[in-house]
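Hello,

Here is the structure I promised to pass on. Please open it first, then read my notes below.

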Amino acid sequence: MRVTVLPRLAMAATLLATSAWARRDGGTEPRDRTEDKACLECHSDKELETDLDSEEVLSLTVEADTLARSVHSDVDCTECHTDLKGKGDDHKPKPFPTRREFTIRYSEVCKDCHFQNFTRSLDGVHHGLQAKGKTEAAVCADCHGSHDMGKPSEPRSRISRTCAKCHEKISKVYIKSVHGSALQEEENPDVPSCTDCHRAHDIIDPRLNAWRLETPQMCGRCHTNEKMMAKYKLSTKVLSSYLQDFHGATIELQKGAGGGKPLTALCTDCHGIHDISKVDAPNSKVMQANLVETCRACHPTASADFPAAWLSHYEPTLKRAPLVYLVGLFYKFLIPFIIGSLILQIALHLWRVVVNR
Amino acid sequence: MSDSIRRFSTKQVIEHLVLMVLFIALSVTGFPQKFLSASASQAIVNLLGGVGVTRLLHRISGVLFTALVVWHLAGALISIVRRRGQLSMVPTKKDFTDALVTLRYYLGLSRTQARFDRYDYRQKFEYWGLVFGGLVMVTTGLVLLFPVATAKLLVGQVIPAAKLAHSSEGLMAFLAIIIWHIYNSHLSPDVFPFDGSIFTGRISRERMEKEHPLELERLEGTKEGAPRGRG
């Protein structure tokens, strides 16, 4: 059935009469469904659709069940379809040139209630692309849906599946990773979903240097969490040991000096990004047997023993890195001894000068 | 300037000056890399134009320091081979007895102070500390400059060991200079506020009599030996 302007005056009158008090009043009383019912009278028709300028066909069907299950089940139709408020059933089909244009334009109404997240999304990479005319970049409804709106993180794995709708290639890599597989297969509450690293609304372009330079702190958010890491018997010293070393020190100083392209390896350069695996997995980039190949990404002529230059986030001990341990021990005694002796000499000299006066 | 005596040659004055400039440059560009979390570290790095520039300056200074060490040691070696000059920096048995005599004097156990030649035991100690410390800094610095080559020639573990030695030795050298050298050439009541002899090359007769009586006697032929060249 094509939408035609069939005035149903009675229905229009009802809508006009009820719209004033149909809104939620504190949520304690059951909501008046008169408006929904009025809209659904036409829009539950499974064949209701309209032609767009682009010759695409836009379905106008809304199923009552879908609406009822959605998180917005207590939101009136015209709270989103604001332009139809009080219009009744004599509204004209709206002139959207394409289906995409329809989705993009309708996502703007989310701002009315979800102001904070909407504003955040204006700083996001998707909005940036939209502003450049890339209409395929995600808008609210692309991730959240429309009439079937559910809680985006219930279950948590839903987040990653949502991103996968567009980012299919990366998603395939991610779900095989130590983080992704634990999320998809076990609904593990600790592993990061896409939005834990990339954020949900103000998503930063991950290729930006400023974002990349924050990688150690980002990984550190979980990997320095004693309670969480204890569950998986993982060290929480990974961040501090990284920062003490040449790679980490460089990144820290670079970040403080205004950024730029990362000069040395970040967490992700050795461990991988979406393909990150357990350190002892056979395909792990940081497994001893594979480590030299990983080093060679930046140090192309690295020899077989070059990886031994990196203490794998461990403190040097007599057993693990005897040479480093002994050098440390040597200076631990030498520095106080030498400097102490010099200070003692000065003190004695000054004392003698005072006594001789 | 009849009451002043020439103590250092122009070569020695210049060597000290270059060493001083390089030491400051290496400290300024080195410590921000060791003490990351100090706010001054980031300020210095930013002032120099970023960590890349800071490292480049550190490496250039390090290469120049290496050249200075080689130059100085080669010069010393040549003068030894040619048997010119005196080996006035070589520690002798007298230095150890001088140290004990001085200690007794300081503690008030004895009223006689040791009489020193061209360099007293403290100056020799500082000199050799600089030579050995400098060699440690040069070798470990080269390891850090060429880590891949180091892992090929030696073993990978040498690299973090060199890094730790470089930063520890650097800290020790810095503290020694700040505490010991600044005391002896600026703050000590004997020279306060400034001992300029290494810059002017000259020292007063009065200080020579007090601090280096044996050399003065030798220079003026008042005791054993004829005047000798500078070492």
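**Chain B: overall build**

Chain B has ten helices and two strands. Keep in mind that this is a predicted model. Read from the N terminus, the order of elements in chain B is β-α-α-α-α-α-α-α-α-β-α-α. The C-alpha atoms of chain B occupy a box of roughly 60 × 40 × 35 Å along the principal axes. Of the 231 residues in chain B, 24% are buried. Contacts in chain B with a separation of 6 or more are 65% between residues 24 or more positions apart.

**Inside chain B**

How do α1(B) and α3(B) pack, and at what angle? The angle is about 145°, and the axes are 9 Å apart. The crossing of α1(B) past α3(B) is left-handed. On the α1(B) side, the residues that meet α3(B) include B:Leu19, B:Leu22 and B:Leu26. On the α3(B) side, the residues include B:Leu57, B:Phe65 and B:Leu68. By class, this contact of α1(B) with α3(B) has ten nonpolar, seven polar and one charged residue.

One loop residue is also worth a look. B:Phe35 sits in the loop between α1 and α2 of chain B. Is B:Phe35 exposed, buried or partly exposed? B:Phe35 has 14 C-beta neighbours inside 10 Å, so it counts as partly exposed. B:Phe35 and B:Ser167 are 132 residues apart along the chain, yet their C-alpha atoms are separated by 9.9 Å.

**Chain A: overall build**

Chain A has 20 helices and two strands. Why is chain A described as more spread out than a compact globule? Its radius of gyration is 31 Å, while the globule rule gives 21 Å for 357 residues; the value is well over the rule, so chain A is more spread out than a compact globule. The C-alpha trace of chain A spans about 115 × 60 × 40 Å along its principal axes. Buried residues account for 21% of the 357 residues in chain A. Take the contacts in chain A between residues at least 6 apart in sequence: 53% of them join residues at least 24 apart.

**Inside chain A**

Start with helix α17 of chain A, residues 246–256. Eight of its eleven residues are buried, so α17(A) is largely enclosed by the rest of the structure. Which residues of α17(A) are buried? They are A:His247, A:Gly248, A:Ala249, A:Ile251, A:Glu252, A:Leu253, A:Gln254 and A:Lys255. These buried residues pack against α14 (215–223) and α16 (238–244) of chain A. They also pack against α1, α2 and α3 of chain B. After α17(A) comes A:Gly258, with a positive phi near 100°.

A:Thr119 belongs to helix α6 of chain A, residues 115–122. A:Thr119 has 12 other C-beta atoms within 10 Å, so it is exposed. A:Thr119 and A:Asp202 are 83 residues apart in sequence. In space, their C-alpha atoms are 8.5 Å apart.

**Where the chains meet**

How many residues does each chain bring to the contact? Chain B brings 37 residues and chain A brings 40. On chain B, the helices that each supply at least two residues are α1 (10–34), α2 (39–48), α3 (51–81), α4 (93–106), α6 (147–153) and α7 (158–187). Which helix gives the most to this side of chain B? It is α7(B), with 15 residues. The side of chain B that touches chain A has 25 nonpolar, ten polar and two charged residues.

**Confidence**

For the complex, the predictor gives an ipTM of 0.89 and a pTM of 0.83. Chain B averages a pLDDT of 90, and 94% of the residues score at least 70. The pLDDT is below 50 over residues 224–231 of chain B. Beyond near neighbours in sequence, that stretch has 17 contacts in the model. Chain A has a mean pLDDT of 88, and 90% of its residues reach 70 or more. In chain A, pLDDT stays under 50 over residues 1–27. The model has 38 contacts beyond four places in sequence for residues 1–27 of chain A.

Best wishes

Key
Residues numbered from 1 in each chain as written. Chains lettered and ligands numbered in written order. Predicted model: local features only at pLDDT ≥ 70, side-chain atom pairs only at ≥ 80, totals over all residues. Contact = placed C-beta atoms within 7 Å. Helix = DSSP H or I, 4+ residues; strand = E, 2+ residues; numbered from the N terminus. Nonpolar A, V, L, I, M, F, W, Y, C, P; charged D, E, K, R; others polar. Rg over C-alpha atoms; globule rule 2.2 N^0.38 Å. Buried ≥ 20, exposed ≤ 12 C-beta atoms within 10 Å, placed from the backbone. Axes fitted to C-alpha atoms, helices over the stretch in contact; angles between N-to-C directions. Left-handed = near helix turned anticlockwise from the far one by under 90°. pLDDT = per-residue confidence, 0-100.
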